[in-house]
Every structure is written in C-alpha cells, then in structure tokens.
Amino acid sequence: FRLRSNFYGVMSNYSFSKDNLSLKIGINANSYDRTHMMVVKPDISTDIYSNTGYKKEFSSFVKLGYTLFNKLLVYGDLQFRTVDFTYVADKSYDIANKNINWTFINPKGGLRYAVTKKLSAFAFVGQTWREPTRNDMFGGADDMDRNNVSQIGDLSRIKPERVNDYEGGVNYADSKFKFGANVYHMQFKNEIAAIGQLSYIGLPLRKNVASSYRQGVELNAQYNPTNWFDIWANAGLMKARIKEYTDDVSGATYHDVSPLLAPSIIANGGIDFKHRNFLLGIDGRHMSKSYLANNGDNNFVLPEIWVANAHLTGRWRSYSLSVACNNIFGSKYFNSGYSDGVTSYYYVAAPRNFYATFNLSF
C-alpha cells in the first residue's frame, strides 16, 4: 500500500485586549488530498488501483472574555466549521464521484472565580461535533470498487459524532503545594466508537453507537517541601458506558457496557531529588484493566499495568546528559490490544530498556 498526499491552507488570527476585555477572532481554511495505491509484489511498478480523497475545510471562531471585580472571568467561544469530502474512484471502475459535506457549530463557555489569591474555582460547558474519517465511512476498505460500492458508497452511512461536555473544579497553589481537581461528564450522541477489530490494512474499525457517556474526576498534586525534593502525583478515575451495543457478527445486543480500552483508573506519581547540577527522578504508572470488546466479556481484557521508570540528569555549563531506565523491574505488560471476537491480540511493551540524551545549548 502506498500513499501520496498534499496539504495547504491559510490561517489568520486577530487579538484585542483592553481593560477587562479580551477578544480573539480567527478564520482558517485548508485543503488536503491523499491518493491511495496498491501494488502486488514483485511487480511494485504497476498500481492495482489508485483512488483519491479530497477534503476541504473552512472554520472561523470568536473568543470573548471579560473580567468582573478583578475576580470573576466570564468567557465564551463560538466556532463555525464546514467540511467537504469528495472521493474519486479508480478510473477503470467507472464509479461516479462520491461527495458529502458537514456543517458544525461548536459553542463553549465558562466561568473562573478567584476565591483567594491561592484558590480558584471554575465551571465549563461546551459542545463539539466531529465528522467520521474516510476509514470509518468505508468500513475499513482502502478501495471502493464495483463489488463494495453498494455497501460503502453511501458516505452518510456513518453519522457525525456530538459530545456535550460539563466540567467543574478547583485549583490551589502556594509556594510549596499545588493541587487541582476536575469533575466532568461527557454525553455522546452517535459516538464513532471502536468495535475492537482491525481492518485488513491494520486500522481500527469503528461504528456509531447511539448513546454513551464518560464521567469522572481528574486529580493532580505537587509538593515541594525543600528546594532539593519534589513529590508529585496525578490520577484519573472514570466511569464510561455505552447504553446499548449490538455486535455485528453475532447479532447479540448488550446494555450498559464499558467501551473498549477505557480503563477506570489511570494513576501516575513520582519523586525528584535535586542536588546542585544533578536531578534524579523515579516515577511509576498504574492503569486498571480494560476491555477489548464492547460486550463486558472478561475473556477479552487488557490486563492492568504497573510499571516504574527512573532517570538521572546532569548539567554543566551549556551541556546536559540524561540517562533513563524505563520499566526498571522488567514488568511484562501490554500497551494495547484488540480482539476478533474469538482471540485476543496484544501489543507487547518493551522490557527493561535504557536510553541516553546529550544536549548542547548555544
């Protein structure tokens, strides 16, 4: 498989700020085309097919912010976006060009209030639309021909995805301690969700699910009791659910199931020691188990992950040398995976590994 692409566009932005008011306006336009070709070895000079997709996009936005009483920031963001996609099949197929266009309006807004000089609180609400990719519309096929045009020729078969996002939280910072907490709820309509399988060219297959959500809390903290010692941590706790999912192969329907590759816990933490021009850092990561299929089947699971890393950096004048050891304990784990409904397949993570980086500034 071979690809050839071209991309060009223009971006323009205008910013204005006076007293308590800030304003940003932008207009952007771009054009992208990519030709897909396939050859069969050993004859790599003759294309079996050659097709091209053309994607044109225009967007504009307005961002407005206003500060009241030197404590309350009120802001809003409105984006207009239009996308046009045209597919030109291989000339030998005599298939008419396929075209689809989408128009999206994405509004966002929020508040940030300075409770004290160290503590602030915020709230946010926003809506975003996203169009399907070419791979989504073609059901994983790399070429549209006479045999499959009746199944994938209707480019509106996959609907655009919409998400409404609601968030709120607090931030605190003083000379030694920083803390942040954020709670969120993301409600999806027609989410373009992975189904756990790969196409014959290795890309994830996805389809619409009518209703789904993700909600949870994000936490981060950093403590610097002295100038030579830091400790930090962050964590995400999430509940994700698909209201109703029908498996295309078996025809079985599942209700209130976790989407694939959506772990409920992701946590990171570390300690940094500083002495003169040297820094020693030790950090670790934990990720809870997640599913490889949208059916809650414990036979298709990405196991939980525990991994630790370390790095040592030394600086001298304009030079620095860093040596890192990843996966200190040589843990055996998987980065990701997928399933065909019968067997689980995994991407194996590297065992203990080292690398060094040398930097020179001038």
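**Walking through the model**

Reader: Let's start with T86; which strand is it in?
Author: Before that, a word on the ground rules: this is a predicted model, where local features need pLDDT of at least 70, side-chain atom pairs count only at pLDDT 80 or more, and totals for chains, interfaces and linings use all residues. Residues are numbered from 1 along each chain as its sequence is written, and side-chain values use heavy atoms, with hydrogens and water left out. Helices (H or I, at least four residues) and strands (E, at least two) are DSSP runs numbered from the N terminus. On that basis T86, in residues 72–88, belongs to strand β4.

Reader: Is T86 buried or exposed?
Author: The cut-offs are under 20% relative accessible area for buried, over 50% for exposed, and partly exposed in between (1.4 Å probe, protein chains only). T86 comes in at 19% relative accessibility, so the label is buried.

Reader: Which side chain makes a polar contact with the side chain of T86?
Author: A polar contact is a pair of N or O atoms within 3.5 Å; within protein, one must be able to donate a hydrogen and the other to accept it, and residues adjacent in sequence count only if both atoms are side-chain atoms. Beyond its neighbours within four places in sequence, T86 is in contact (heavy atoms within 4.5 Å) with T52, G53, Y54, N97, K98 and N99. The polar partner, though, at 3.5 Å, is D84.

Reader: Where does M144 sit, and what is its relative accessibility?
Author: M144 is in the loop between α1 (134–137) and α2 (149–152). Leaving aside neighbours within four places in sequence, M144 has contacts that include Y87, Y93, F138 and L155. M144 counts as buried because its relative accessibility is 0%.

Reader: How far apart in space are M144 and N51, C-alpha to C-alpha?
Author: In sequence, 93 residues separate M144 and N51. In space, their C-alpha atoms are apart by 8.2 Å.

Reader: How many aromatic pairs are there, and which residues form the cluster with W228?
Author: Rings of Phe, Tyr and Trp (its six-membered ring) pair if their centres lie within 6.5 Å; planes under 30 degrees apart count as stacked, over 60 as edge-to-face and the rest as tilted. The structure has 12 aromatic pairs. One of them is W228 with F229, a tilted pair at 5.8 Å centre to centre and 55° between the planes. Ring pairs join W228 in a cluster with F229 and F273.

Reader: What is the angle between the planes of Y338 and Y345?
Author: Y338 is partly exposed, at a relative accessible area of 23%, and Y345 is partly exposed too, at 35% relative accessibility. Their rings form a stacked pair, 5.2 Å centre to centre, with an angle between the planes of 20°.

Reader: Which ring has the charged end of K207 over it?
Author: A charge sits over a ring if NZ of Lys or CZ of Arg is within 6 Å of the ring centre and within 35 degrees of the ring normal. K63 does this over the face of F61, at 5.6 Å from the ring centre. For K207, 4.6 Å from the ring centre, the ring is that of Y245.

Reader: What is the phi of F69, and what is that of N190?
Author: F69 lies in the loop between β3 and β4 and counts as exposed, at 72% relative accessibility. N190 is in strand β8 (residues 177–198) and is buried, at 16%. Neither is a glycine, yet phi is positive in each: about 60° for F69 and near 55° for N190.

Reader: How many helices and strands are in the chain?
Author: The C-alpha atoms fill a box of roughly 70 × 55 × 55 Å along the principal axes. Of the 362 residues, 35% count as buried. The chain has two helices and 20 strands.
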